[in-house]
Amino acid sequence: MSRRSEVLLWGAQRISAMLLAVCVIVHLVTMIYAVRSGLSGAEILGRTQGNVGWLMFYAVFVAAVSIHAPIGLRTILAETLNWRGQSANVFSAVVGLSLAMWGLRAVMAVFGGGQV
Amino acid sequence: MENLQVRIWRGKENGDFQEFEVPRQESQTVLDVVTYVQRKCDPTLSYRFACRVGVCGSCAMTVNGVSRWTCRTHVDKVAEDNKVEIAPLRNLPVIKDLVTDMSEFFDKWAKARGRFAGSTTRKAEFAQVSPESKERKRVDAGIECIGCGVCYSACDVVTWNKDYLGPAALNRAWTLINDVRDTERAERLAAVAGDAGCHACHTHLNCTERCPKGLSPTAGIAGLKRAVLAATLSGEI
């Protein structure tokens, strides 16, 4: 991978980490708040479905995870298993795309209903 | 005082620890212990030292698992149950006993373009650099490195990634990036970018924790990361 790509990946991981810091806090606080008064899963979904704000929030959350995790995974593979090069890049990209696919599927369920 | 039980690494990479008994003395340093062993117990023990007073940095070793200057480490402060284990620096090939081959450590300074490149001759006037300027303050924060290799030995990233330039070389590059007289900024930023450069640092702060000079290579590396990203985005490199 070129030097420029490496640097841009580092930048992407930093920015996605900043987004994740906010998203995780909002997500946890909301979850704790929601279950404190005994809301059921169905009642929570009733409040999120059709809410564009939550759709946008969780879409950003999933995007940040899908960018952050594979870049970190690629480094972990290199440093702990000494797995580097094209195959490790492809594997990490597949993990990232999988996270994006499953994550967005969950977001659509939270927004639009249906089976998660 | 009871004799000190000392375990000292002998041989090369595949050597083993050898045990010695050394009489305790007041204000005894770990370097004193190694010197006693070499002079009184086994003259074939190899180790490096020069100044004995924390100026040259050549006596760095691993004492009870921690990279240190042995001349500035008192036995009182590191002995556990009256025992001390002394090994060569980590992350460097062992030549013999406590002596490491520091070639790759210094080669990486060269790879990080650790040499000043100016544009003037010796006939030119002295450059005027305000000690209050932002750049000069950054240089001051890192310039006292004497290349002892303690940070390189303490760094986990060097262990995991053999190409990683290491804290000392990157710290040197950072001081030159902030040297307003230097003319190779772009080349230097390019040299320290990427997987083997500043972006491999995980900010564990081992180098900062262990630096005997109290420097923070981590802070310099963080500055390099930002400078390289900015230079990449602007097309400078």
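The legends below describe views of a predicted model with chains A and B.

**View 1. Chain A, a chain of helices.**
The secondary structure of chain A consists of four helices and zero strands. In sequence order these elements give the pattern α-α-α-α. The radius of gyration of chain A is 17 Å, well over the 13 Å that the globule rule gives for 116 residues, so chain A is more spread out than a compact globule. The C-alpha trace of chain A extends over about 50 × 25 × 25 Å along its principal axes. Of the 116 residues in chain A, 15% are buried. Among the contacts in chain A with a separation of 6 or more, 76% are made by residues 24 or more positions apart.

**View 2. Chain B, a chain of helices and strands.**
Ten helices and seven strands make up the secondary structure of chain B. The C-alpha trace of chain B spans about 65 × 40 × 30 Å along its principal axes. Chain B has 237 residues, and 43% of them count as buried. Residues 24 or more positions apart supply 64% of the contacts in chain B that have a separation of 6 or more.

**View 3. The two domains of chain B and the contact between them.**
The domain assignment divides chain B into domain 1, residues 4-100, and domain 2, residues 103-234. Taken over C-alpha atoms, the centres of domain 1 and domain 2 of chain B are separated by 29 Å. Where these domains touch, domain 1 of chain B contributes twelve residues and domain 2 of chain B contributes 15 residues. On the side of domain 1 of chain B, the elements giving two or more residues to this contact are β3 (60-63) and β4 (66-69) of chain B. Strand β4(B) gives the most to that side, with three residues. By class, the side of domain 1 of chain B that touches domain 2 of chain B holds four nonpolar, five polar and three charged residues.

**View 4. The hairpin of β1(B) and β2(B).**
Strand β1 (residues 4-10) of chain B and strand β2 (residues 16-22) of chain B run antiparallel and are joined by seven bridges. Arg10(B) is placed opposite Asp16(B), a residue of β2(B). Five residues lie between the strands of this hairpin, in which Gly11(B) takes a positive phi near 95 degrees.

**View 5. Helix α7 of chain B and the elements that cover it.**
Helix α7 of chain B, formed by residues 167-177, is mostly covered, with eleven of its eleven residues buried. The buried residues of α7(B) include Leu170(B), Trp174(B), Leu176(B) and Ile177(B). Also among the buried residues of α7(B) are Asn171(B), Arg172(B) and Thr175(B). The cover over the buried residues of α7(B) includes α3 (103-111), α4 (134-142) and α5 (150-154) of chain B. Helices α8 (185-191), α9 (206-210) and α10 of chain B are likewise included in that cover.

**View 6. The contact between chain A and chain B.**
Eleven residues from chain B and nine residues from chain A take part in the contact. Helix α10 of chain B, residues 217-234, supplies four residues, the largest share of the side of chain B that touches chain A. That side of chain B comprises five nonpolar, four polar and two charged residues.

Definitions and conventions
Residues numbered from 1 in each chain as written. Chains lettered and ligands numbered in written order. Predicted model: local features only at pLDDT ≥ 70, side-chain atom pairs only at ≥ 80, totals over all residues. Contact = placed C-beta atoms within 7 Å. Nonpolar A, V, L, I, M, F, W, Y, C, P; charged D, E, K, R; others polar. Buried ≥ 20, exposed ≤ 12 C-beta atoms within 10 Å, placed from the backbone. Domains from an automatic or database assignment. Rg over C-alpha atoms; globule rule 2.2 N^0.38 Å. Pairing = 2+ DSSP bridges.
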